[in-house]
Amino acid sequence: MPLNSNIYLVNFKRLIVWLLPSPLRKARHAAFAGALVAPIVTLYNQFISFRNTCIYRLTITPQVFSLEKLLNDKYDIADRRIFIRNADEKDPLPLYMKSEEKPVALYTKPEQVPVVLYTKAETAQYGVDFIVVVPVGLAFNETEMSSYLYLYCLPNMKFKIVTQ
């Protein structure tokens with residue numbers, strides 16, 4: 001917030017009465033002046049709404065708590081069940097044929113060495129940086145939520161939206 005945020009607060013009804021000359025400070029004259037000022041009051045209200053929106057947007061940062069606040073304010077204002085967790089990063093395991101004679105190969109059953117294979121998206125090289133967990137009963141548009149996240153998170157961050 002700016003140092004003096006009250007600078008934008010204007011009470012137009014009081015201002016109209018103050019600016020009317022003393023002999024004209026009657027209800028009928030004040031109502032007429034209020035009708036003349038009504039378009040300015042409408043523009044003022046739109047300006048204050050725009051200013052509050054800009055201040056809110058400036059408070060959102062790429063930090064996890066801030067992104068969670070953004071998503072919960074937009075999609076789950078009452079229960080605030082949307083949260084962000086880190087993605088599991090696994091090192092990729094290169095696979096080779098026996099004929100290639102490389103260091104790591106697939107093992108057979110008698111060798112009893114467990115080998116876990118991961119998809120390309122699950123590995124640290126190509127995976128996601130964080131996962132947005134949305135509750136099952138919550139109605140949301142995934143494209144819209146992704147666009148909000150792309151707007152506020154860092155450009156090199158990758159994410160996935162999961163319903164749980």
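**Burial.** I looked up burial for the protein chain: of its 164 residues, 21% count as buried. I keep in mind that this is a predicted model. For the surface, I noted that the chain exposes about 12500 Å², with carbon and sulfur atoms supplying 60% of that area.

**Fold.** I went through the elements next and found four helices and three strands. Starting at the N terminus, I read the order as α-α-α-β-β-α-β. Then I checked how far apart in sequence the contacts reach. Taking contacts with a separation of 6 or more, I get 62% from residues 24 or more positions apart.

**Asp-76.** I picked this residue and asked myself where it is found. Asp-76 sits in the loop between α3 (64-75) and β1 (83-86). Is Asp-76 buried or exposed? I have its relative accessibility at 5%, so Asp-76 counts as buried, the cut-off being under 20%. Which backbone atom does its side chain reach? I found the backbone nitrogen of Arg-81, at 2.7 Å from the Asp-76 side chain. Leaving out residues up to four places away in sequence, I listed Leu-71, Arg-81, Ile-82 and Leu-138 as the residues Asp-76 touches.

**Leu-19 and the patch.** I moved on to Leu-19, which lies in helix α1 (residues 12-19). Its relative accessibility is 65%, and exposed means over 50%, so I put Leu-19 down as exposed. I also found Leu-19 in a nonpolar surface patch of about 480 Å². Val-10, Leu-15, Val-17 and Trp-18 make that patch together with Leu-19.

Methods: Residues numbered from 1 in each chain as written. Predicted model: local features only at pLDDT ≥ 70, side-chain atom pairs only at ≥ 80, totals over all residues. Heavy atoms only, no water. Helix = DSSP H or I, 4+ residues; strand = E, 2+ residues; numbered from the N terminus. Buried < 20%, exposed > 50% of the residue type's maximum accessible area, 1.4 Å probe, protein only. Polar contact = N/O pair within 3.5 Å; in protein donor to acceptor, adjacent residues only side chain to side chain. Contact = heavy atoms within 4.5 Å. Areas by Shrake-Rupley, 256 points an atom, 1.4 Å probe, with all protein chains shown as cover. Patch = residues over 30% accessible without salt bridge, like charges linked within 9 Å, V, L, I, M, F, W, Y side chains within 5 Å. Salt bridge = Lys/Arg side-chain N within 4 Å of Asp/Glu carboxyl O.
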